[in-house]
Amino acid sequence: MRQERFKMERPGLVNIGDKVKISEFQSYMNYSYIIEPAVAMSGCYKNADRIKAKEGIVTNIEHTPQGYYVTAEFEA
């Protein structure tokens, strides 16, 4: 299993245990991911670090001074 963090702007959009779908976006040299429908966004990943799975399970939601962070677990 692989865990990744996504930035979420406000609470209550997903809950722990929710099954989520992600969309992949490619820029010139990096990939980024969005939990649909536009719930949270990942950072940038290089080609070797791409997330292969398209669905995952929310395992944690963290509130920090910078905002909310969703941790989702994906099949490797």
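I35 contacts F6, V20, K21, I22, A40 and V70, leaving aside residues up to four places away in sequence. The model described here is a predicted one.

**The nonpolar core**

I35 also belongs to the largest nonpolar core, which has 18 residues. Within this core, I35 and F6 are the residues that touch the most other members. Two or more core residues come from each of the strands β1, β2, β3 (31–35) and β6 (67–74). Strand β6 provides the largest share, namely four residues.

**Salt bridges**

Side chains of opposite charge can pair when their charged atoms come close. Six salt bridges are found in this structure. The table below lists three of them by residue pair.

| Pair | Distance, N to O |
|---|---|
| R5 and E62 | 3.7 Å |
| E9 and K7 | 3.4 Å |
| R50 and E24 | 2.8 Å |

The side chains of R5 and E62 form a salt bridge that links distant parts of the chain, with the two residues 57 positions apart. R5 lies in strand β1 (residues 2–8), whereas E62 lies in strand β5 (residues 55–64). R5 has a relative accessible area of 42% and is therefore partly exposed. E62 is partly exposed as well, with a relative accessible area of 33%.

How accessible are the two partners in the pair of E9 and K7? E9 counts as exposed because its relative accessibility is 61%, and the limit for this class is over 50%. K7 has a relative accessible area of 24%, so K7 is partly exposed.

The side chains of R50 and E24 meet in a further salt bridge. This pair, too, links distant parts of the chain: R50 is in the loop between β4 (40–41) and β5, E24 is in strand β2 (residues 19–26), and the two are 26 residues apart. R50 counts as partly exposed at 24% relative accessibility. The relative accessible area of E24 is 26%, which places E24 in the partly exposed class.

**Summary**

In this predicted model, F6 and I35 touch the most other members of the largest nonpolar core. Among the six salt bridges, the pair of R5 and E62 links strand β1 to strand β5, and the pair of R50 and E24 links the loop between β4 and β5 to strand β2.

Notes. Residues numbered from 1 in each chain as written. Predicted model: local features only at pLDDT ≥ 70, side-chain atom pairs only at ≥ 80, totals over all residues. Heavy atoms only, no water. Salt bridge = Lys/Arg side-chain N within 4 Å of Asp/Glu carboxyl O. Buried < 20%, exposed > 50% of the residue type's maximum accessible area, 1.4 Å probe, protein only. Core = buried A, V, L, I, M, F, W, Y, C linked by side-chain atoms within 4.5 Å. Contact = heavy atoms within 4.5 Å.
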